Amino acid sequence: SWLTGPVNALVRSIKPAVLRIGGIDPASQTALTDRIGPNARGNLSYGRFIVEAAKMNAWASFTIGMDNSPPIDWRLDPEGTAQALMDYLTSVPVPGKANSFYLNQKLSEGLSGNLLLTTPGVIVELGNEPWGGTSNGAPGTVDHQADGFNNYVNYRQWARKIARAIKASPGYDSTKIHIAISGRNPRPSDSYGLTETMFEGTENDKDVIDIIAISGYMGGNFDYGKNLERGPSELTYYKSGWEALFDFSNGLKQTMDIDIQKNGKIRPFFFYESAQTTSDYNGRLGQAISIMDYWNECFRNGLMHTAVFGIPGGGEWANVTQQGFRKPGYFTVKYFNEYAKGDILSSSWASKEKVFGNTRRIGSSTAIEGMAPVGMYAYYQAGVYKLVFLSRDFENDFQVQVNMPGGINNSTKGKQFRLYGSDFSTDNTIIDSTEININDKMIVTVPKFTMVI
């Protein structure tokens, strides 16, 4: 179990912002009663999960079940089950008053207090991936992965019922409970109509849904497999990935535009899963640099959290193997969380250099217009400015001149970290650090296939 031992230590080592119980199977078949009490599935109740995440100062995110064969409590009585969840999370013993069944379940786990008081936040994901291919050509009608929802309207109405019931609970705290509806792709055009349907209907959801949970797979060349020869073909794959980065991050803006048009509101995004490629993730340095760049670009465009595969395990997506080998993706996440995480700042860039994509929508000799040759991001936390640079050209080094905001004087000291390797195909990570002087118009060298903090 990740609750104890070496797995727990690995998770702690990356200083996660959020921990998640999710997935289509078995999460979609999970009833509330499967995740509470001393006999909770996998010995991991929602209560223990929230408490353990809070020890790491991490949010807890979990997916509620939505399958209907056989029907589970979330489908049979969505409002009543939502109220029961809040009873379980927030109720405490009161002298002279009988305990509810759900309070007793929490007490049987050795927990007694309001679980919302010690957690930085809880994300309640209303199902997972209720989308599918078009069916019979009817708009908004699909072959859903979760059975029983004949179309997106039914899913939307079910989700809003649960959200309203949670928010009507006496124990509801808007600073701690955050409700996410399940979307698909950052780009509405790749979401089978789900994005538009989420925001429609007479039952306005602008005050009941807080977060849009979508897939964070960066893609690239989907045919890139484990045994593909390392070298030029892999570079082509990364160039395709940079196009995906540009297209998908712009897709977040398109989704926000729809949200504004339908509801007059912008909601943040949550990547419930994220990796580069689909099934054949190799964990090479080039992938670690590219996906980190993608996450940062999306943070700049409304992303609040991203899920990261997998420590350890996660099958083909593992950043730490079952044998304990730590791949480059482990280190880029660890160093970002420890030394760069904070409030992202507005920034701009100017360059005559170009980034070249490949085959996704443009030819390999065509530049991706509007994309900087280096991913550059600025963060601020507790009086400290943090800068992140990620190579987008695995053939050339770049130098970046940084124009600092006012108030930073030339005597400021800082620390620089570089994460890189012998080539973009390597599974090994080299990390070095040095003390530097921070000043306006400082020059930062960003070598190829390198992350600089």
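Which residue in S2 is the bridge partner of Arg20? The partner is Ser61. This is a predicted model.

**The sheet**

S1 and strand S2 (residues 59-64) pair in the parallel sense, over four bridges. Both belong to an open sheet of seven strands, ordered S1-S2-S3-S4-S5-S6-S7. Pairing in the sheet is parallel. Strand S1 (18-21) and strand S7 (303-306) are the edge strands, and each pairs on one side only. On average, neighbouring strands are turned by 25° against each other, direction ignored.

Helix H6 packs on this sheet. H6 touches S2, strand S3 (122-126) and strand S4 (177-182). The direction of H6 makes about 175° with that of S4.

**H4 against H6**

Helix H4 (residues 78-90) packs with helix H6 (residues 152-167) at an angle of about 40°. Their axes lie 8 Å apart. Angles between 35 and 65 degrees count as oblique, and H4 and H6 are therefore oblique to each other. H4 passes H6 in a right-handed crossing.

The residues that meet are these:

| Helix | Residues in the contact |
|---|---|
| H4 | Pro78, Glu79, Ala82, Gln83, Met86 |
| H6 | Trp158, Lys161, Ile162, Ala165, Ile166 |

By class, this contact has seven nonpolar, one polar and two charged residues.

**Confidence**

The mean pLDDT of the protein is 85. Of its residues, 84% reach 70 or more. Over residues 220-226, pLDDT stays under 50. The model has 20 contacts beyond four places in sequence for residues 220-226. Residues 359-364 also stay under 50 in pLDDT. For residues 359-364, the model has 20 contacts beyond four places in sequence.

Notes: Residues are numbered from 1 along each chain as its sequence is written. This is a predicted model: local features need pLDDT of at least 70, side-chain atom pairs count only at pLDDT 80 or more; totals for chains, interfaces and linings use all residues. Side-chain values use heavy atoms; hydrogens and water are left out. Axes are lines fitted to C-alpha atoms, for helices over the stretch in contact, and angles run from 0 to 180 degrees between N-to-C directions. Helices (H or I, at least four residues) and strands (E, at least two) are DSSP runs, numbered from the N terminus. Angles under 35 degrees count as roughly parallel, over 145 as roughly antiparallel, 65 to 115 as roughly perpendicular and the rest as oblique. A crossing is left-handed if the near helix is turned anticlockwise from the far one by less than a right angle, and right-handed if clockwise. Contact means heavy atoms within 4.5 Å. Ala, Val, Leu, Ile, Met, Phe, Trp, Tyr, Cys and Pro count as nonpolar, Asp, Glu, Lys and Arg as charged, and the others, Gly among them, as polar. pLDDT is the predictor's confidence in each residue, from 0 to 100. Two strands pair if DSSP finds at least two bridges between them.
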